[in-house]
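The following paragraphs walk through the structure shown below, from charged pairs to domains to a helix contact. Please keep the model open while reading.

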Amino acid sequence: MGRTVGIDIGTTTSCIAVLEDSRAIVMHTESGDRTIPSLVSWNEDGEVAVGRDSRREWFSNFDATVFGVKQLLGRKASDPYVQELARQWPYAVVAATNGDAWIDVAGARRSPNEIAAHLLANIKRVAEHYLDDTVVEAVVAVPASFDDVQRQAITDACAIAGLTLRALLDEPTAAALAYGVHRQHDQRIAVLDLGGGTLDVSIVWIEHGASKVLATRSDPSLGGDAFDRAIVGMLADDFMAEHGVDLRRVTGQDPRPVPTPVWLQQQLKACAERAKIQLSSATMANVTMPFIVNVEQGPLHLERELDRGQLEHACKALLDRLESPCLAALVAARCTPSDLDHVLLVGGMARMPAIQERAAAVFGRPVRTGANSDHTGGNPDEIVALGAAVHSGILRG
Ligand code: ADP
Ligand code: MG
């Protein structure tokens, strides 16, 4: 008969869950990963690699590795938001004949729907391997802010991937379901979802299984990537002060081989992200990139310690941007913080202590990040997938 799974197809990370004996659980990949990078790449022979396999090729096959495709789904190439993304991205965004935003991947034009379908087909494979059963149906969570065109794009991608879509579920509603809030009476919940690319703040009303997103407000360029870039900026500033070399402008004029600027930028960003993640649990992290650049006197190394205070200082302007979408969502939902029953923090960035502190300060109350929910084991980047699995159970009755 086949199983129904709950899918969170994220900008940077995806996650899949299933109901087992009326408990939602996260399915892991063959290599034991509970989340899957939302990456697709094509090698020289045109073979496709997805997820962790694609990440392994990231540096060697940089030009043909695509990330962030969720942000392009259902959008036009002329959309100012798309153009802003294109300025930051290493690959070109091109206009399809109908004006849709497509990506030029090493000379081949690919549609976001096709790329998303590769992600979903891989998710289907992971789920089938985990369950040792066929998976035909899915509940897929999408941002509450997705319009009809974006929802249709996800629907099309599911069809290409061989998945029948049981339902599209708003991500904040999924988060609320994972906490089992739907069984309670007349609950108003704020959901802050800070992922890799965006911040979405939603006010959700829930009552005995019924739910409604009362309002949602976003900052479409405030996500983990922006934090990573801020950290890179600080590392580059300090490196410049110490060595007089600007890591953002390595020109390659040196006679010895130097890394290409794009490659170097990505290495730096990956390094910054590792430090950021470490500093969510530790108070000090080591940042090391030996032989980062060659100068006349010889190779230079990036080698330093970074503490949590320095991280928060580098990210202060970004942390300040949390407040305004929260207040705007409250106003749009005609709520005050005291009307709220819960504030839920989801998305990978919810693990950063400064984010938790800021969110608690904005709403004037404690926030929940995954612990003490019905289903989550305290992992804020798994909550949406778990909620989608819960919803599949509600649909089955
Ligand atoms: P999305 O839904 O946008 O795909 P996620 O919710 O999975 O993304 O969040 C991904 C972001 O969370 C990335 O920027 C990643 O660096 C960040 N992240 C993951 N784990 C941590 C952590 N422990 N501390 C801080 N940031 C983290
Ligand atoms: Mg997400």
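This is a predicted model. A search of the whole structure turns up 21 salt bridges. Side chains of opposite charge can pair when their charged atoms come close. One such pair is Asp228 with Lys276, whose closest N and O atoms are 2.9 Å apart.

The next level is the division into domains. The chain is split into domain 1, made of 3–219 + 369–395, and domain 2, which covers 224–316. Between the C-alpha centres of domain 1 and domain 2 there are 30 Å. Where the two domains meet, nine residues of domain 1 are in contact with nine residues of domain 2. Together they bury about 720 Å² between domain 1 and domain 2, and carbon and sulfur atoms give 59% of that area. On the domain 1 side, Phe59, Phe62 and Gly196 supply 55% of the area buried against domain 2, more than any other three residues. What is the count of salt bridges between domain 1 and domain 2? The count is zero, although the whole structure has 21 salt bridges.

The last stop is a pair of helices. Two packed helices are described by the angle between their axes and the distance between the axes. For helix α5 (residues 171–178) and helix α12 (residues 383–396), the axes come within 7 Å and cross at roughly 80°. Angles of 65 to 115 degrees count as roughly perpendicular, and α5 is therefore roughly perpendicular to α12. From α5, the contact is made by Glu171, Ala174, Ala175, Leu177 and Ala178. From α12, the residues taking part are Ile383, Val384, Leu386, Gly387, Ala388, Val390, His391 and Ile394. Sorted by class, the contact of α5 with α12 comprises 10 nonpolar, two polar and one charged residues.

Methods
Residues are numbered from 1 along each chain as its sequence is written. Chains are lettered from A and ligands numbered from 1 in the order in which they are written. This is a predicted model: local features need pLDDT of at least 70, side-chain atom pairs count only at pLDDT 80 or more; totals for chains, interfaces and linings use all residues. Side-chain values use heavy atoms; hydrogens and water are left out. Axes are lines fitted to C-alpha atoms, for helices over the stretch in contact, and angles run from 0 to 180 degrees between N-to-C directions. Helices (H or I, at least four residues) and strands (E, at least two) are DSSP runs, numbered from the N terminus. Angles under 35 degrees count as roughly parallel, over 145 as roughly antiparallel, 65 to 115 as roughly perpendicular and the rest as oblique. Contact means heavy atoms within 4.5 Å. Ala, Val, Leu, Ile, Met, Phe, Trp, Tyr, Cys and Pro count as nonpolar, Asp, Glu, Lys and Arg as charged, and the others, Gly among them, as polar. Domain bounds come from an automatic or database domain assignment. Buried area is the accessible area (1.4 Å probe) that two parts lose on being put together, summed over both. A salt bridge is a side-chain nitrogen of Lys or Arg within 4 Å of a carboxyl oxygen of Asp or Glu.
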